[in-house]
Amino acid sequence: MQKKVLQRVVMVVGNPDGPAHGALFIDQIGAPAPALDDLWPSIVITKEEIDAEVERLSEAPRPENGRRRSLIVHPRDVGPGHGLAPGIQVALEVLLPGERTAPIRHNSSQVVFCIAGGGTAIVGARTRSARPFERHDVWNMPSMATYVHVNDTAERQVRLVYSNAALLEKLNIHYVDVNPGESVLGGEETGEESSATPFEETFPLDDEGAWLMCYERLVNPPVNESPSLMWRWHKVKEELDKLHALGPSYRGRRLYLLYNPATGRTNGTTHNFFATMTIRPAGIVDRPHRHTAAAVNYYFQGSGHSTVGGQVHEWKAGDLMLSAPGWAVHNHVSHEEDVYELTVQDSPLNLAMDSLMWQEDLKRPPLLIGSHAGWSTNRDQM
């Protein structure tokens, strides 16, 4: 019989105000490792539910900032930082013909996906980098980039916006500037120019691999600006459809990452998320697997079902799904029609934190992606 371990809380000595105002010591002697079985359950937000919310937003009076916006929040979420997954905020945004949003910028980054209509995304207040977009186009909004969305079409514009705002709000560091002004151009503000230094900025401390870095380099690292990029669906689809030729014996997933080179080895669309476009030919059954990154899928063609943590969830075109709530075993099955989907996952954040555990084969130990070698597919044999 396993002995029950009781948690012992010890108030900091000398604090007359009690534990509400002082730090605590929490006794961990003999405490078990944290469990990974209390995951938020996978849920499906149906097309009908999304359509009803789009209608509600459309019928509401136009707000002063022009943003008809609603968060899609998991029922387990208690805040702060409301999300569909603990670190992934998903917003539904609507813009009627002729409307435009007020300029805004924030230190959260975004993946934006147009699911109906079209329009123009304007990034930057001085250069007016205007990019027209259509249904199923995807683009990123970098941190602190000033932006505006415009509906210059005759149809209603509907966007899904995936953001790391939920995580930043949990950390109480989400900076939002609702009045950036015309002089601010997101992504181009810089500090003082660096000059050549007469001292070494970094140097080895010993011959065992430890280094030191001076303060001047610490507060002024090399700039690696993340641009706003657009992945146009008609171009992505051309490449994606070529993967249809990979037969049923292919050991991998038929997808492309919408890659932003600024994210480097973390393989992101933003520094926090990757977005992938996937084609699932009819009748394809994924191998069960799991990873520490959470994943949110939007299906825009076809139907199928997913088994997540032993629970079966049916889905169809127009549904949004928390398809992988962290370390839950899951797999996906397409039905009688080819499936197209957008998946947003916080893998780059996990990879940067060196916490991206991935178990592609449940019969083998999990891998730490980025620090351990990954796995190979058989694509070169297809």
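Q: How many of the 382 residues of the protein chain, as a percentage, count as buried?

A: Buried means under 20% relative accessible area, exposed over 50%, and partly exposed in between, with a 1.4 Å probe and protein chains only; by this reading, 44% of the 382 residues of the protein chain count as buried. This is a predicted model, in which local features need pLDDT of at least 70 and side-chain atom pairs count only at pLDDT 80 or more, while totals for chains, interfaces and linings use all residues. Residues are numbered from 1 along each chain as its sequence is written, and side-chain values use heavy atoms, with hydrogens and water left out.

Q: Is Trp-139 buried or exposed, and which residues does Trp-139 touch?

A: Trp-139 has its place in strand E10, residues 138–141, where helices (H or I, at least four residues) and strands (E, at least two) are DSSP runs numbered from the N terminus. Trp-139 counts as buried because its relative accessibility is 1%. Contact means heavy atoms within 4.5 Å, and, not counting residues up to four places away in sequence, Trp-139 touches residues including Gln-110, Phe-133, His-149, Arg-159 and Trp-231.

Q: Which way do the side chains of strand E11 point?

A: In a regular strand the side chains alternate between the two faces of the sheet. In strand E11 (residues 147–150), Tyr-147 and His-149 point one way and Val-148 and Val-150 the other way, and all are buried. Two strands pair if DSSP finds at least two bridges between them; strand E8 (residues 119–123) is joined to E11 by four bridges, running antiparallel, and Tyr-147 in E11 is the bridge partner of Val-123.

Q: In what order do the six strands of the open sheet stand?

A: Strands of a sheet pair through backbone hydrogen bonds, either parallel or antiparallel. Here the order is E3-E23-E20-E25-E18-E17, with antiparallel pairing. The edge strands, each pairing on one side only, are E3 (44–45) and E17 (255–257). Within this sheet, E20 (residues 295–301) and E25 (residues 339–345) pair over six bridges, and Tyr-298 stands opposite Leu-342 in E25.

Q: Is Tyr-215 buried or exposed?

A: Tyr-215, which lies in helix H3 (residues 215–218), is exposed because its relative accessible area is 57%.

Q: How much of the chain's accessible surface belongs to carbon and sulfur atoms?

A: Accessible areas come from the Shrake-Rupley method with a 1.4 Å probe, and for residues only the protein chains shown count as cover. The accessible surface of the protein chain comes to about 20500 Å², of which 55% belongs to carbon and sulfur atoms.
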